[in-house]
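Hi,

Here is the structure I promised to pass on. Have a look at it first, and my notes follow below.

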Amino acid sequence: MPPPAAVRYDQLARTPLHRWWRPILGTLAAVGGFLIVSLGLVMAAWTVATLARLPLVMSGDRMFVDPLLDLGFHLSVIALAIPVVYGTAWAIQRRPPGTLSSVLGRLRWNWLALCLLVAVAAVVLGQLAEAVTLLLTGMDPVYGWAGWETFLPPALVILVLVPFQAAAEEYMFRGWIIQAFGAYLRNPWPGILLGASAFAALHGYTDWGIAYVFGFGVLMGWLAILTGGLEAPIALHATNNVAAFGVVAASGDLDSALQQGELPWQSVVGTVVQFAVYGGAVVVIARRRAIRSLSR
């Protein structure tokens, strides 16, 4: 059952079939479904690795000894959230899964492509601002280069898998959570803030890193409501992650690709620049191009 006309992105789960229990049951089903399919992928990867005699670690959050295989495995696990959330919207809430993407019931690919161009500019400017701030405060930005032979294999894995990983997190923390709250509340901010809090809690950052991830979640949630879909959040999330993993891959230190922890206070400068450039540009372009923010 499609949503009614002229409703915001956060209220797309309010179809004629909506009942108070559907978002609650759907959330439990999404979490449980993700755990089940993740475990299935773990078992499949373990079986293949054993048959192929690939060395395994199987301790903490590490599975493969080879850091490239381990990175690809973790990105693939997170990407599984997309079909899980889609299936939950269809099976539990009885609505078109595409309503998780936008008010048009699908991803607006032209708008996504335009947001990607803006995201690249915002990420580059943010990185430059952070690097300059580090230099001015007597710290080395530490950008390394290990050579093309070391960089190209992980770069290919990153370019192929990171967009799906980033999109999966947006579908879960911005799409599902915001729309679950929107099924009950007219104000979108409780869903935005809870989604941002859950997003920050499931990352391993500390200190300024927590503020960055939480602020990122708030901005992405606000842009999802303002533009009527996940295209703008997915674009920045994917670009930001590709850049972050790419820098690590370029340095040849792929073992630290999944490590999260403390960020220097200088990173706040880059964060402010990135958020301001991207948020401001998306708002201006969305208004000029009359990007639809209500269902039809």
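Before the notes, one cut-off: two rings of Phe, Tyr or Trp (for Trp, its six-membered ring) count as a pair if their centres lie within 6.5 Å. By that rule, ring pairs join Phe173, Phe199, Tyr212, Phe216 and Phe275 into a cluster. Please keep in mind that this is a predicted model.

Now the overall picture. The protein has 9 helices and 4 strands, and along the sequence they come in the order α-β-β-α-α-α-α-α-β-α-α-β-α. The radius of gyration is 20 Å, close to the 19 Å that the globule rule gives for 296 residues, so the protein is as compact as a globular protein of that length. Along the principal axes, the C-alpha atoms fill a box of roughly 55 × 50 × 35 Å. Of the 296 residues, 47% are buried. If you take the contacts with a separation of 6 or more, 78% of them come from residues 24 or more positions apart.

How many aromatic pairs does the structure hold? The count is 10. One of them is tyrosine 86 with tyrosine 171, an edge-to-face pair at 5.5 Å centre to centre and 75° between the planes. Tyrosine 86 sits in helix α3 (residues 81–91) and tyrosine 171 in helix α5 (residues 148–182), so this pair ties together parts that are 85 residues apart in sequence.

You will find leucine 134 in helix α4 (residues 109–136), buried at 7% relative accessible area. Which residues is leucine 134 in contact with, leaving aside its neighbours within four places in sequence? They are Met139, Pro141, Pro264 and Gln266. Valine 269 is 135 residues from leucine 134 along the chain, yet their C-alpha atoms are separated by 9.7 Å.

Most residues other than glycine have a negative phi. Alanine 6, though not a glycine, has a positive phi of about 60°. Alanine 6 belongs to the segment before α1 (21–52) and counts as exposed, at 52% relative accessibility. Alanine 290 also has a positive phi, of about 55°, and is not a glycine either. Alanine 290 falls in the segment after α9 (267–288) and is exposed, with a relative accessible area of 62%.

That's what I have. Over to you!

Cheers

Notes. Residues numbered from 1 in each chain as written. Predicted model: local features only at pLDDT ≥ 70, side-chain atom pairs only at ≥ 80, totals over all residues. Heavy atoms only, no water. Helix = DSSP H or I, 4+ residues; strand = E, 2+ residues; numbered from the N terminus. Rg over C-alpha atoms; globule rule 2.2 N^0.38 Å. Buried < 20%, exposed > 50% of the residue type's maximum accessible area, 1.4 Å probe, protein only. Contact = heavy atoms within 4.5 Å. Phe/Tyr/Trp six-rings, centres within 6.5 Å; stacked < 30°, edge-to-face > 60°.
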